[in-house]
Number of protein chains: 2
Amino acid sequence: MPYGFNGKILRVDLTEGKTWTEELPESIYRRYLGGGALATYYLLKELKPGVDPLGPENMLILMCSVITGMNMSGANRFSAVAKSPLTGGYGEAEASGYWGPELKFAGFDGIVIQGKAPQPVYLWVHDGQAEIRDASKAWGKLAGEAEEIIKADVGVKGVRLLQTGVAGENLVRYAALVNELKHFNGRCGMGAVMGSKNLKGIAVRGKNKPQPADKEAMFTVYKWFKEHYDRENDPMHDMGTSRGVPSLDQDGILPTRNFREGSFEFAREISGKTMKETILVNRGTCYGCSVACKREVKVEELGVDPRYGGPEYETIAANGSLLGIGNLKSIALANQLLGQYVLDSISTGMAIAFAMECYENGILTKEDTGGLELNFGNEEAAIKLIEMIGRREGIGDILAEGVKRAAEKIGKGAEKFALHVKGQELPMHEPRGKRSLAIAYATSPTGADHMEAPHDPFYEAFGHEEMNPLSPLGLVEPVDRLDLGPKKVKAFYYCQAVWSLYNSVGMCDFDGVPIGHVRLEKLVEFVRSVTGWNTSLWELLKVGERANTMARIFNFREGFTKADDTLPDRMFEGLQSGALKGKKLDRKEFAEALRLYYQMAGWDPDTGYPTRAKLAELDLDWLAPEQIATSAAD
Amino acid sequence: MPYGFNGKILRVDLTEGKTWTEELPESIYRRYLGGGALATYYLLKELKPGVDPLGPENMLILMCSVITGMNMSGANRFSAVAKSPLTGGYGEAEASGYWGPELKFAGFDGIVIQGKAPQPVYLWVHDGQAEIRDASKAWGKLAGEAEEIIKADVGVKGVRLLQTGVAGENLVRYAALVNELKHFNGRCGMGAVMGSKNLKGIAVRGKNKPQPADKEAMFTVYKWFKEHYDRENDPMHDMGTSRGVPSLDQDGILPTRNFREGSFEFAREISGKTMKETILVNRGTCYGCSVACKREVKVEELGVDPRYGGPEYETIAANGSLLGIGNLKSIALANQLLGQYVLDSISTGMAIAFAMECYENGILTKEDTGGLELNFGNEEAAIKLIEMIGRREGIGDILAEGVKRAAEKIGKGAEKFALHVKGQELPMHEPRGKRSLAIAYATSPTGADHMEAPHDPFYEAFGHEEMNPLSPLGLVEPVDRLDLGPKKVKAFYYCQAVWSLYNSVGMCDFDGVPIGHVRLEKLVEFVRSVTGWNTSLWELLKVGERANTMARIFNFREGFTKADDTLPDRMFEGLQSGALKGKKLDRKEFAEALRLYYQMAGWDPDTGYPTRAKLAELDLDWLAPEQIATSAAD
């Protein structure tokens with residue numbers, strides 16, 4: 001067995017009801033590491049272009065990496081990857097928690113699932129084996145109950161469960177996956193893909209921890225982390241991911257009322273500080289992580305139970321300021337419902353915001369909404385809509401399609417309130433005030449995605465060595481958040497390689513570079529100590545670039561072109577409130593930045609397709625244009 | 001004062017007879033490091049395009065780096081840079097020895113010289129000061145005597161002298177610079193540039209050693225090197241750079257008789273092993289280096305004195321097999337003469353080989369040669385020609401122009417025996433048998449240059465971790481030496497960034513990656529420990545790429561186009577002897593490789609000029625096409 005990983009992938013064909021083990025050579029692990037990169041390798045090798053994302057031919061891939069299962073803070077994320085039912089293109093969502101490491105301990109680095117079970121099943125994976133088992137009792141149950149049923153059915157202590165929810169069963173296009181009720185593979189509808197396969201969940205348990213190549217070197221990195229990470233003074237630990245709500249508000253970049261505004265009058269009420277002082281009962285964490293940024297909240301009068309954790313920043317903004325809702329307790333209830341139905345909290349909030357703006361503009365009426373008054377700020381209506389979406393009831397059935405399809409169905413100009421890229425709803429970050437996001441949202445293979453790179457305020461810290469863990473990339477000159485010129489494009493391009501690496505190696509952004517806990521070179525040392533490879537930041541960042549390039553090609557193979565690299569019109573209109581009131585993106589500047597980015601990334605600026613040279617550089621010759629010509633022409 | 005460097009550049013205007021100190025901000029050092037990159041920065045900022053390389057307007061730049069002066073093996077090279085009188089484009093040549101560190105100790109990181117002294121002078125640099133002094137007594141003297149005169153004139157113990165020779169005084173277009181009589185900035189005619197300025201040499205002495213930022217970390221790297229470098233079993237130490245002559249011969253890639261052949265019947269007689277067993281009296285070294293690859297030889301009957309060192313591989317091949325000469329003693333004498341006149345041993349040998357092939361083909365006759373019978377193998381004639389070239393006597397005056405200009409003057413089809421790229425003669429490595437050299441020679445900004453990247457046999461070792469110090473680049477799959485496809489182009493492109501970094505940071509190739517003594521990550525650790533910068537292999541390799549891109553632009557500014565990226569016709573003709581008999585390059589394959597390389601390097605494949613995106617990525621926006629349009633149009 002190689003160091004750090006099992007060398008084994010579990011293959012599952014649900015139609016045939018069979019499972020088998022595939023062994024991959026070490027060279028594949030070194031080139032793709034795991035996570036998004038290795039999963040995309042499978043998609044590109046095996047998935048036929050043009051299949052229905054919710055049909056049996058789609059593949060669902062859960063992938064750990066070469067370092068998953070070690071005790072390094074933030075190093076235990078895994079990726080869920082499939083053709084996305086939301087975008088029709090590349091779908092990927094990462095989660096941490098406890099499931100990934102447990103899968104490694106059970107003897108596999110990843111699971112590749114194809115086909116569709118004739119009736120609801122779950123997978124039980126342990127000790128290098130896998131069973132397909134009946135899940136009919138768990139089907140249709142909210143997440144907490146479903147978990148209890150499956151864990152009882154397995155009957156083994158310490159089992160970890162990844163599951164889709166009622167929303168996924170109902171093929172809500174942005175249904176998520178969740179493990180241990182609190183850790184979400186949120187975006188791109190991975191829960192719907194699992195649901196479409198009649199697969200309720202995957203229970204894993206194992207005891208064989210992969211061994212590192214050089215224990216001493218690994219412990220040196222642990223020790224370094226311990227000495228440098230000051231948890232007591234880390235706002236991420238203290239106040240969680242929503243620690244920054246007040247400053248986002250102050251800076252005019254807190255998405256409010258469907259991105260019309262950048263400032264919210266109740267920002268303080270929904271902040272991490274307020275949460276800490278009111279409803280927080282515990283700080284949760286993920287396997288091996290000292291940061292403990294997760295929240296657990298309790299609101300007795302609303303029945304909000306800590307077992308579903310607590311709202312993250314994205315959830316708070318998308319179900320708070322974005323909807324004009326300033327009541328943290330109500331948001332906590334929304335968070336619990338999102339967890340019970342297993343929905344992406346971003347896309348759900350955006351779908352509700354879309355509906356509210358349609359309602360306020362007379363495009364949707366009480367007749368359409370079943371009597372709900374969908375004004376911004378209506379907490380009860382928002383709560384109600386989550387359940388309706390999860391169950392595909394009434395207007396919820398339309399909103400369950402995502403804002404792009406919903407707008408098409410509703411018509412009457414609704415599309416101007418449907419804020420998405422490639423069909424995926426915008427996350428809670430404002431491109432007009434953090435302008436690298438304009439490129440990120442437009443070009444991300446998953447559609448509007450905030451996990452492509454750190455955001456612009458971070459770029460303003462370049463030059464302050466102690467605040468700039470990206471100094472190893474030579475990013476040492478500050479770049480203004482409103483800049484969208486060559487310096488910003490370069491900073492974004494470099495950082496994107498880091499973030500893409502994170503998604504392949506399974507590193508958490510919150511624990512990684514941006515926060516400064518784990519400096520890039522420490523990550524390199526860590527990968528080296530675990531795998532024994534004489535690797536470097538150069539090689540690792542090239543994995544990041546490789547992953548991004550492959551996902552790009554996946555989309556082109558599915559018929560996407562560079563014309564899909566767009567932003568909603570609203571981004572070219574002025575913000576209506578806050579410190580950046582009136583600020584908007586400029587179409588010409590945006591087009592120029594995009595073109596420069598293409599060229600920098602090694603994509604033909606005219607076609608947007610990766611050049612032959614970039615493919616050769618990344619050892620992706622097998623994805624040259626003529627190789628995929630047939631499918632792209634479909 | 002920052003760590004590792006002085007932050008000061010000595011400026012000299014010989015026309016005005018004045019010197020001054022220029023301070024550079026740390027950001028410039030971090031972006032350019034020193035050596036070739038920092039020198040090219042000066043050329044591009046200050047040198048007017050189109051000037052006569054041998055006129056007073058040309059600049060001569062001697063540049064150390066941020067790590068020069070530390071006691072790390074192989075880390076003390078410096079660069080000599082100017083517009084080349086041989087190519088009319090970018091000129092650069094590196095040397096090690098003792099001069100670079102001494103300049104640092106004297107208070108300067110580099111010297112930038114402009115103008116022309118009214119009569120012969122030398123520079124005396126010490127303790128942060130500089131004087132321009134009379135050198136008329138040393139002018140016209142062979143190197144050994146000139147050194148004695150200047151050192152006596154300075155009258156201080158421990159002075160190190162960099163000088164041009166009689167060849168440089170006579171403006172031989174490939175005259176070199178030498179320090180301590182043994183260490184040459186060989187190529188591109190830097191000696192002629194110094195001579196053209198009436199500058200005989202630069203004497204330096206200093207006692208202020210720059211301090212590293214982190215002594216302990218630096219010593220950790222020293223210790224690692226000590227523990228891993230096994231001098232007693234290092235052929236480079238034992239037999240010097242010509243250790244490989246027999247295997248080159250066996251592999252059919254030992255340049256023989258002006259590149260007509262790849263095998264030489266007297267290969268063993270001119271090998272490093274034979275040298276060791278016959279004329280070697282000592283192994284010399286450079287500042288701080290444990291490898292000691294330098295040779296010192298003695299041949300009493302020919303008056304060959306160890307003070308001029310001994311022949312390197314390039315000298316042995318260019319003045320041995322290339323001329324059909326298999327007598328090591330005669331080559332040792334040639335080496336001494338090359339040192340006395342301070343000539344580039346490669347271009348000199350190539351000029352003689354050119355003359356010999358012309359002679360054998362009736363293009364040159366005894367009348368032209370002053371009675372010399374220039375047949376291949378004629379030792380006496382070869383020795384005589386070196387002096388005639390150094391003194392520009394008879395046919396030597398024509399050969400002193402380099403083979404390109406000589407062929408133009410001679411006419412009668414002589415150009416087919418003039419093997420050069422952009423006017424610079426081919427070094428002693430065979431592109432037909434080490435095919436990455438086809439791209440290297442064609443695209444190097446200095447013309448045919450073997451210091452662009454490691455050579456192909458090295459690429460065949462990829463995959464053998466212990467033999468592959470380039471593993472950190474992800475180069476882990478072997479590539480055949482005769483391959484010129486995408487995998488070769490990629491390997492070359494990555495390695496070129498490493499070698500270009502070496503030329504900027506002042507690292508010796510013999511001691512660096514290819515030999516495996518200094519692994520890439522150790523170099524990063526070293527730079528980090530000396531400078532205190534939180535840098536990485538990524539950032540450092542980008543300096544390498546930056547240097548290469550800047551030199552490319554310098555050439556375009558001087559009127560070069562991609563049409564100058566060529567190879568001599570002979571490379572497309574079959575080798576006439578040896579293991580690769582009949583092997584030749586294919587024009588179509590070469591053109592495709594070149595185009596792929598352009599695109600990979602971020603150069604427009606149609607124009608060959610670096611793209612706007614590559615310039616932005618490398619922080620070279622100031623070199624965008626429109627910035628240099630006027631000059632390029634000249």
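In the predicted model, A:Asp619 is buried, with a relative accessibility of 11% (buried meaning under 20% relative accessible area, exposed over 50% and partly exposed in between, with a 1.4 Å probe and protein chains only). The side chain of A:Asp619 forms a salt bridge with that of A:Arg31, at an N to O distance of 3.8 Å, a salt bridge being a side-chain nitrogen of Lys or Arg within 4 Å of a carboxyl oxygen of Asp or Glu. This pair joins parts of the chain 588 residues apart, A:Asp619 lying in the loop between helix 24 (612–617) and helix 25 (625–633) of chain A, and A:Arg31 in helix 1 (residues 26–32); helices are DSSP runs of H or I of at least four residues, numbered from the N terminus. A:Asp619 also meets B:Lys490 in a salt bridge, with 2.9 Å from N to O, and a network of salt bridges links A:Arg31, A:Arg546, A:Asp619, B:Glu477 and B:Lys490.

Across the interface of chain A and chain B, four salt bridges are found, together with 16 residue pairs in polar contact, both residues at pLDDT 80 or more (N or O atoms within 3.5 Å, one able to donate a hydrogen and the other to accept it, residues adjacent in sequence counting only if both atoms are side-chain atoms). The side of chain A that touches chain B divides into 14 nonpolar, seven polar and 15 charged residues, where Ala, Val, Leu, Ile, Met, Phe, Trp, Tyr, Cys and Pro count as nonpolar, Asp, Glu, Lys and Arg as charged, and the others, Gly among them, as polar.

Within chain B, B:Glu357 and B:Arg570 form a salt bridge whose closest N and O atoms are 2.7 Å apart. B:Glu357 belongs to helix 13 (residues 345–360) and B:Arg570 to the loop between helix 22 (537–557) and helix 23 (587–601) of chain B, 213 residues apart, and both residues are buried. In chain A, a salt bridge of 3.2 Å, N to O, connects A:Asp569 and A:Arg587; A:Asp569 is partly exposed at 46%, as is A:Arg587 at 47%.

The predictor assigns the complex an ipTM of 0.94 and a pTM of 0.96. Residues are numbered from 1 along each chain as its sequence is written, and chains are lettered from A and ligands numbered from 1 in the order in which they are written. Local features need pLDDT of at least 70 and side-chain atom pairs pLDDT 80 or more, whereas totals for chains, interfaces and linings use all residues, and side-chain values use heavy atoms, with hydrogens and water left out.

Technical notes
Helix = DSSP H or I, 4+ residues; strand = E, 2+ residues; numbered from the N terminus.
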